[in-house]
Every structure is written in C-alpha cells, then in structure tokens.
Amino acid sequence: MSSEILIWAEITHAKFIHPVTFELASKAIELSCKKNNIPVSALIFLESELTEDYKEVFCLNGFDKVYYVSCDKFNRYKSDIYAKAAIEAVKLISPEIMLTGATCQGRDLAPRISTALHTGLTADCTSLDINEEGKLAATRPTFGGQLMATILSKNSPQMATVRANVFKPLENTVRKNTEFIKLDIDTSNLVSAIDITDFKKKISSSVNEINSAEIIVAGGRGMQSKEGFELLKQLAKKLGGVVGASRLAVEMGLADAQCQIGQTGKTVSPKLYIACGISGALQHTVGIANSTKIVAINSDKDAEIFKIANYGFVGDAFEVIPKLIETL
Amino acid sequence: MKIILCIKQVPDTSDIKWTENNTIQREGLESILNPYDLYSLDSVVKLKQNNKDVRISAITMGPNQSEKVLRRAISVGVDEGVLLSDKKFSGADTYATGKTIASAIKSKLNDFDLIVCGQFAVDGDTAQTGPSIANFLDIPQITYVKEILDYQDDSITVLRELDEGIETVKVKLPALICMLKSDYETVRANINGIKKAQLAEITTYTIEDIGLQPEEAGLKGSPTYVSKAFRASGRDVTCEYLNDIKSLSEAIKTTGGTK
C-alpha cells in the first residue's frame, strides 16, 4: 500500500474537470497535514493525451501526483469499462484513502471500485477527518437526516464520496511541482455493453443556478401554497437571488424538485440563505450548513431552524415578506 | 424476459432507535416500502402489462416481517417473492448487502435478463447497493434511470436524468438498472391481486441456502463500521432574534442582500 490520498478527477460531459475534484483536493491537503504530509494525487481517464491546460489546473490546485490513462474509449463515461479500468488503476496505485465526488458519475463508479477491492465506502459525507489512529473518519447524515454517523473502514483504500459545495476549494492557489504519471493499463480488452445514443443538455439552469447562487430564499411547509412561493419569488427577485425549497415543500407540490435543498436535494453554500416557514429538520439543515449567513423567518419560536440561524424573526411569513420587500 | 426486482423495507425515519453496536434497532419500527422501489415496481409491472412474456421475481433482504413488501409487489403483478432472512445478515453495510443479494441471485435466480433497483433507499440514502450487486455479478449497470423506453430480447433502452442533462442509453442484457422517480401513474392492486398476494408462498433463503459463510455477511462481512452516531447541526452560531421589520431588513442588507 502506498501512503497517499487519491482523488477521482471527474471529467464532465462538457469536457472540463468537475469543480468537486478541487474541493476534494483542498480537503485532502488538510487531511494530509494530519498524516505526515502524504501525497495528494489524482486519477484521471482521458480520451486523448493529457493537455497542458489540464496539467496547469492540477499544478495550481495542489496535487502532488496525477495518474492518467489515455484511451479513445473514454470519450464518454460508461460504467462498465470505466469501472474495469479504474479498479485496475486503483489496485496499481493502492492508495490509503480514495475520495470521489458524490456526483452522478462518482456515485456510479465508486461503489464498483470499493466492491471489487472489498473495502468500505461512505456515501455523501459532510465532513472528513483523520482520527487518533490515522484512519479516515467519514461523517454523513443518515436515516432521513435524523442522525449523523461517523463511519470507518476496516480495509484500504478507505473510500468516501462528497457532494459538490460541501468543501471549499483552496482560497489561494498552491503551485506544486506536480508529477504526471501515465499508468500502464491494458485498454485493448475494454468492450462496453453500453451505447449512449443521445444526450440533451438540460435547458433549465435552475440546478446550476441554485448550486452557485449567492442568495437563496427558501420555503418549507409553512409557505402552504403556490401563492406562498410566489411571495418568495418576489423577495428573491428583489434581492437578486433564487428560490429554494425543503423536501416537504417539494412533496406538497409547492416547488419544483430541482429546487430541493437538503440531504435528498442539493447542498448549497450561498452568502445569504433566507429560510421561510422551514422547521429546520436535520435533513434540510445539512444542505445549508455552509451558508455564510442564515436568516430564519418562522411563526414557531421553538423551530429548530433558529438553532442554526444567525438572525431569527418570529412571525408569519405571509405578513412579514410583503413588508420586508417594501423596505429593501 | 426475466426480471429481478430488488426492493427494501425501510423504517419510518421519524422514530429511530439505535442498538449498542450503533446499528439500527429495527424491531418495533413502523415499516414502509422504500419510495424509490415503488417507482421501479411501477415500471416493471408496466413492462409486464405490455408483454405477457415478462416474468418478475421480487427479492428483499431483511427480517421476516419484510415479506410484507414482497406481498405488496405480488399484489400489483409481480410473479414471485424471495426473502433473504437470517440473523447473520443483520448489520450489513452496502458491500455485505450487495454480496448477499448477488450470491442469492447467482445460486438461486441465475437465469435473469434484467435486475431493477431503486436509485436510493430513504433510510441509508447511499445509492451504493445497486452498483455493488452489478459488480459482484460482473454485469453493467445504468443508474439514474428516469424511464424505460424500449426493451428487446438482448437489450434495453433507457433515459437517464443526470446533473448535466438527459442521456439515452442502450445497454446489452444482462444488466442492472437503478430507477429514479418516474412519471408513471402508480399501479394499484385489484381484488384478485390482493388475494393472490395473501396466498402467495414466499421463498425464504438463509445464509446456508445461498452458500455464504457467516464472516461474509452482516456486520462481520461489512468493511465499514459506525464509530459514533450523534445529533448535530454542523453550525456553531447563536441566533440573534430581531423584533421589527426594519432590523430584519437591515440584517439582510448587511449580509449581502442588496441588489
């Protein structure tokens, strides 16, 4: 086993490296400090050679090493051939810890790697740490967000997935003299059973908007009706923000599933999060814990949401919001 | 076409109790069929309604009471129910669960074309068991499936809903798919279906039946373990309560909420 932290560098459909890769790198550098500065490395699959642009990005984001495999069969992500080659690659590298984004791709790939290597994988972690024994302590919400559980793996690599926006990328670039290593993996026998026949880019950008929004006005069950959400839209518009929703609000049909924030929805980290009529179940709050400031408006003064809010206002959102809009 | 439908009975997550080993105390909890499995159930039953050659076996792992979800599946058109139940299965993580279900499929249901799972179970929310089963069986998997568009004897075509867009994928069988919420109308049981479900014989397999050793299943066979479980918000703040709209407005303005 080589002592290093390996990160799966995901290439998106639009052929850029997914930002979660660099968020994981920033966290891995922090973890590495607690483990005698073991190297932080990336594994990337490319359809052609590693370009200077990609190299530059890895250098600037603090990677010590980058392992890559080039093969034209990697032009699109396909679970079977990617898994087969990734399992080979991870066996060769034999890292102590491996992290992947909890993206559609990462959540598809990571369990195949962990299964093949008979090791533990913890999904959707909200925090990662190194314990007294030098092991990866991966913490995640479980049971509908009722509880947080810290999970350890008996075997190596100790694996975890983390969603985008949970960790922050490095604030200042750390230029490293990154080593680029071409892995010797036989790709000639890779045959996929999967044929991607069509791809339509999402027209609605609400997902991306909510992921990167600086201001989010979110509503929960307390907003009661579509009219309630209209009020939120007006407030969001006034502030230059976007509208989000709790799981209950989505289940009640008040908001689109794309707007859902929380453990079963999106994880967000805006500068300002205004929670209106949201009780504050852990399943929701784990998705907003990284917001810079949280303002909560709720008629129940004992609502859990106030425990994580910077500012609280006890009152009926239907009365408060119109008055608030006038003053802004 | 032979389909294996993997379903899970999940506890009502509003009232959780934990054992000394930090695993879930499942006895005494209200149980429901995992909502994502409802969508996959709907989808395969729709396939069967359109083609009488489709045969569906539903499989679940859990305590004896889990047979309830199998009967529910039978009531809407699933042909048979298979329950994997053994004390030695308890405390399994996604690896051990994947191994147990894959071993049961290999030893008892090996003649299949398609395995269908829900994308997530709402209790664990890991989305790992489906891909893990696929890897143990060495078959391809397609996750985030929104809709089954077409199927032939040797392939299936599905729509995947991904972060970036909608992908149409054709995969050769055998394969495993994990399904998201579909737009299908939920299939309902009629009186005949309910009767059939009540009378159905549920096949139950123990660890010996599927050829696993005790150290390969359950808590012992799990590479992960819970070191602690706790309640936490993940934010260390004290709320400043505001009493009038003006101060609320000021607070919002100063925290970046000015256009």
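The model is predicted, so local features need pLDDT of at least 70 and side-chain atom pairs count only at pLDDT 80 or more, while totals for chains, interfaces and linings use all residues. Residues are numbered from 1 along each chain as its sequence is written, chains are lettered from A and ligands numbered from 1 in the order in which they are written, and side-chain values use heavy atoms, with hydrogens and water left out.

Let us start with the two chains. In the interface, 75 residues of chain B are in contact with 85 residues of chain A, contact meaning heavy atoms within 4.5 Å. The size of an interface is often given as the accessible area lost when the parts come together. Here chain B and chain A bury about 6,700 Å² between them, with 56% of it on carbon and sulfur atoms; buried area is the accessible area (1.4 Å probe) that two parts lose on being put together, summed over both.

Across this interface the rule finds one salt bridge, defined as a side-chain nitrogen of Lys or Arg within 4 Å of a carboxyl oxygen of Asp or Glu. R160(B) forms a salt bridge with D108(A), and their closest N and O atoms are 3.9 Å apart. The interface of chain B and chain A also has 31 residue pairs in polar contact (both at pLDDT 80 or more). A polar contact is a pair of N or O atoms within 3.5 Å; within protein, one must be able to donate a hydrogen and the other to accept it, and residues adjacent in sequence count only if both atoms are side-chain atoms.

On the side of chain B that touches chain A, β9(B) gives the largest share, eight residues. Helices (H or I, at least four residues) and strands (E, at least two) are DSSP runs, numbered from the N terminus. Strand β8 (residues 147-153) of chain A runs antiparallel to β12(B), joined to it by six bridges; strands pair if DSSP finds at least two bridges between them. In this pairing, L152(A) stands opposite Y225(B).

Within chain A, the domain assignment, which is automatic or from a database, gives domain 1 (5-182) and domain 2 (206-327). Their C-alpha centres lie 31 Å apart. Domain 1 of chain A brings 13 residues to the contact and domain 2 of chain A brings twelve residues. The area buried between these domains is about 980 Å², and carbon and sulfur atoms give 40% of it.
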